[in-house]
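Please read the briefing below alongside the sequence and the structure. It takes single residues, sheets, domains and contacts in turn.

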Amino acid sequence: MPDLLIELFSEEIPARMQAKAAKDLQQLVTNGLVDAGLTYASAGAFSTPRRLTLSVEGLTAESPNTREERKGPKVGAPDPAIDGFCRGAGVSRDDLQVRDTGKGEVYFAVIEKTGRPADDIIAEVLEATVRSFPWPKSMRWGSGSLKWVRPLHSILCILTDEAGATVVPVDVDGIVSSDVTKGHRFLAPDAFSVVSFDDYEAKLKRAKVVLRADERADMIWSEASNQAFAAGLELVEDKGLLAEVAGLVEWPVVLMGTIAEDFRSLPPEVLTASMKEHQKFFSVRDKTGQVVRFVTVANRETADNGATILAGNQKVLFARLSDAKFFWENDLRVAKKGGTEWTDALRKVTFHNKLGTVAELVDRMAKLSAEVAPLVGADADEAEAAARFAKADLSSEMIYEFPDLQGLMGRYYAKEAGLSDAVAAAAEEHYSPLGPSDDVPTAPVSVAVALAEKLDKLTGFWAIDEKPTGSKDPFALRRAALGVIRLVLENTLTLKLSGFVKDADLLSFFHDRLKVYLRDEGISHDVIDASLAMPGSDDLLLLVNRARALAAFLKTDDGENLIQGFKRANNILSQAEEKDGVEYSFGADIKFAEEDAEKALFAALDAADAKIAPAMASEDFAAAMSAMADLRAPIDAFFEAVQINADTELLRRNRLNLLHRIRTICLSVADLRKLEG
Amino acid sequence: MTNTPRSFQEIILRLQDYWAAKGCAIMQPYDLEVGAGTFHPATTLRSLGSVPWAAAYVQPSRRPTDGRYGANPNRLQHYYQYQVLIKPSPPDLQDLYLGSLQAIGIDMDMHDIRFVEDDWESPTLGAWGLGWEVWCDGMEVSQFTYFQQVGGHDCHPVSGELTYGLERLAMYVLGVDHVMDMPYNDPDAPIALTYGDVFLQNEQEYSRWNFDIADTDILLKHFEDAERECAAILANEQIDPKTGLKIVMAQPAYDQCIKASHLFNLLDARGVISVTERQAYIGRVRALAKLCADAFVQTAAGGAA
């Protein structure tokens, strides 16, 4: 069984695209081979900045012969039908066979395909793969029309068996396959030929190319950790950066450099952001958490062991950090004066052309924060002050340069401005939670401003009719609504949404978000609808507690059966009420009860009433549900023993009135009519 | 070992020699204010259509918002770009480029050169391409782009564009930390001049003018005039009634597009363009660029029969 090796050699592939491209290459080629009738034992794909490589082992040498019989129209069928059948089967009319199927004579087509050698199939599949490769962005070059992520230079494509390697002839827009590749761009640029995957990987390594991205990442990580450890320091982990850097080099060489004393006063987050964003450096910190060194990964060895390269990188970093320090020091001067220069500047920054400036946003947030504060246990003045400072850092020089540090710099600057720790924390935390797994702030002032920020955003965008549609949510309003939900629930806050949200459509948007949120807890949407129909449902915490209790109740045997009993009672009653044109709410009288089961139900309803009313009053939904569960047996027994449509009208009406009591009691807990199934 | 150049101008001269030797027409800077070397008609217009092209040139470039009164070590409102454009992009363009670094004294055996993804887009020119920023020991020394579209037209064939930020590159090669300290001519010349001797006063003067003095009403009027004139030029019949020749006047119209673009940059530096208006202005310049591109492809240089 031969092995297949393919390498697509190009100019530098963006690091972020390499891993997926390797997977796509594997999938497209192996699927194509299998579709054409070949099989294989195993396959693996690899990438470096300049190559995508696929190794397929144990490939069959040719596809099998196949024979297929197709049944066609009856003999004597109209010509167009017969011609159509021939076209579909790819045979001529003379080749059709006539067979008697017992129900008359019918045409049959026999389609025989002879197997094809693997290299024919590979050439076809590889060309199709190159021409339709799913790059996120691709380009043309020179005078050609072929598209690739960057200019494609060569294609290596060989089949290897016991007899040796042969080149699979492929020609894509004049790029003709061979068994030749090249080593490292600078360290070993010469071309060489290979005879198998093992030979390829080994020769590449001799030519200063590590084929496997994970191996390069491991080399970088272990060498960088070792160098940091040897200096009594610790490498700051950053998996995204590691993967990116591993995609920028074919021959990683780790170099560690020092950060000048001058820059140690900068917040470590600023150092890390500056080094990562602009230079793709790792941070190395000391025991106190101060970032004191950096690690850069070069793509080569040099005669001076990287001294020139490190010196160059250090110099670039010096310039970068000088900028950062310049921004930081300018910012500190503004912050120490209270930051009013920044808050004033926000008057000129548009938040949204229909929602005014950021300063106007801040005014609204401040007012709302003060309103929310007592509900979340925060001091109203402090919450307002926090909101007033929360967006100040957006005018700072540091955030202009590093937008990702918004909030975090606000915290530093708030402290410099002499504001309280709570206000400083709110400057950072009021953006949270950003995603479903992001931490929810718990400090009351932070919670107040975080709620105000999101509520203002939602009501504002609803007012100007910029709602999310389908997959489009450019202002992240779903995330904002989920943020409000999580802030309220995870801090167990009692906060009536209707106090802040007047728009019915926005309220139902909140309810939809809540359904999505609770779905992950295994609570279905009808349970939420049943809870939403109850009074006080704009209190999210109350609503969710009710839904959780109801969901738990429905999981019990009693719960499920009680719902059936309720539905039966409700259906009979509703039908009777519609027919008779009256509402049976006169109150049933026990003195007309005849059967034991009927009398027992009276007693059980009295007992349940006595428990449910106080439980509901104290919002103890679990107790109310459990009292309701006690009704299951008496209701079941009642329906077993008692005929509602009794002989006398008096008895019938009394029993319908009794059903009405069941309905009333059950509906006082949740609107069970909304439950499905 | 490559011998190291001694001055800013020597680096420019070596680049000129190198690209001349590689067959490029060495052009002179375009005589209008532009924001980048790409605006030179030798790039923007010549990247359109099917006619082969190879040019290299220095282009003085102006970015009014980057003015720092000459105080910042590497930020200037007036600086130089070195630009190379070859159509169709040759298969060995990366190697040609690396050769140019060698030519200005960057020893390939000692440095770490990297091609890092950087897609290029010019909203004002309606242009985009894919390529890299080239790093030398972690510093960006050039932009390398394969043009895909210019003025809304697909590029067929594709041009390869190289742009060197000359001051930054030269500071690196010469080991200078502040641009104003960089030797402009040979440091041993009888009258040795630094970059600061030549440009510091200019930077101060233009920074003040750009940020505080330029009359925005006049700039706005000029912008509108340029916009109108561009469209008016192209509205003329292609056949010149006087000579009877087909004369499209793509470049005179494009001059007005360049002017509009620079006037927009000046207005931006004066801080009189709001975030929302910004997009609208960029759209107006792009519309002009597109008109000019449409016109150029109807000319002989643009490949029209």
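## Loop residues with positive phi

K208(A) has 18 C-beta neighbours inside 10 Å and therefore counts as partly exposed; a residue is buried if 20 or more other C-beta atoms lie within 10 Å of its own, exposed if 12 or fewer, and partly exposed in between, with C-beta atoms placed from the backbone. This is a predicted model, in which local features need pLDDT of at least 70 and side-chain atom pairs count only at pLDDT 80 or more, while totals for chains, interfaces and linings use all residues. Residues are numbered from 1 along each chain as its sequence is written, and chains are lettered from A and ligands numbered from 1 in the order in which they are written.

- K208(A) is located in the loop between α4 (197-206) and α5 (213-230) of chain A; helices (H or I, at least four residues) and strands (E, at least two) are DSSP runs, numbered from the N terminus.
- The phi angle of K208(A) is near 65°, a positive value in a residue other than glycine.
- D173(A) also has a positive phi without being glycine, at a value near 50°.
- The loop that holds D173(A) runs between β9 (171-172) and β10 (175-176) of chain A.
- D173(A) is partly exposed because 14 other C-beta atoms lie within 10 Å.

## Cis peptide bonds in chain B

- K87(B) is joined to P88(B) by a cis peptide bond, with omega near -5°.
- P88(B) sits in the loop between β3 (78-87) and α3 (93-103) of chain B.
- The bond from H156(B) to P157(B) is cis, with omega near -5°.
- P157(B) belongs to the loop between β8 (153-154) and β9 (160-165) of chain B.

## Strands and sheets of chain A

- Strand β7 (residues 152-161) and strand β8 (residues 164-167) of chain A pair in the antiparallel sense over four bridges; two strands pair if DSSP finds at least two bridges between them.
- A hairpin of two residues links β7(A) to β8(A), and V167(A) in β8(A) is the bridge partner of I158(A).
- An open sheet of four strands in chain A has the order β13-β15-β16-β14, with antiparallel pairing.
- β13 (234-235) and β14 (253-258) of chain A are at the edges and have a single partner strand each, so one side of each lacks a neighbour in the sheet.
- β13(A) pairs with strand β15 (residues 282-285) of chain A over two bridges in the antiparallel sense, and E234(A) stands opposite R285(A) in β15(A).

## Domains of chain A

- Chain A is divided into domain 1 (3-62 + 117-206), domain 2 (66-113), domain 3 (213-335), domain 4 (341-551) and domain 5 (556-674); domain bounds come from an automatic or database domain assignment.
- Between the C-alpha centres of domain 1 and domain 5 of chain A the distance is 74 Å.
- UniProt, in an unreviewed entry, places the feature "domain: DALR anticodon binding" at residues 563-675 of chain A; UniProt positions are given in the numbering used here, feature names are shortened, and annotations may be inferred rather than shown by experiment.
- Residues 563-675 of chain A are 69% helix and 0% strand, with the end C-alpha atoms 9 Å apart.

- E269(A) lies in helix α7 (residues 268-279) of chain A and is partly exposed because it has 17 C-beta neighbours inside 10 Å.
- Leaving aside residues up to four places away in sequence, E269(A) touches L405(A) and L408(A); contact requires C-beta atoms, placed from the backbone, to lie within 7 Å.
- E269(A) and T648(A) are separated by 379 residues in sequence and by 84 Å in space, C-alpha to C-alpha.
- The buried residues in helix α22 (residues 621-629) of chain A include F621(A), A624(A), M625(A), A627(A) and M628(A).
- These residues cover an arc of only 160° around the axis, so they are on the same side of α22(A); the arc is that of the directions from the helix axis to the C-beta atoms.
- The buried residues of α22(A) pack against α19 (540-554), α20 (557-580), α21 (596-617) and α24 (649-667) of chain A.

## Contact between chains A and B

- In chain A, 29 residues are in contact with 29 residues of chain B.
- β16 (291-298) and α8 (307-336) of chain A each supply at least two residues of the side of chain A that touches chain B.
- α8(A) gives the largest share of that side, six residues.
- The side of chain A that touches chain B has eleven nonpolar, eleven polar and seven charged residues; Ala, Val, Leu, Ile, Met, Phe, Trp, Tyr, Cys and Pro count as nonpolar, Asp, Glu, Lys and Arg as charged, and the others, Gly among them, as polar.

Conventions. Two residues are in contact if their C-beta atoms, placed from the backbone, lie within 7 Å.
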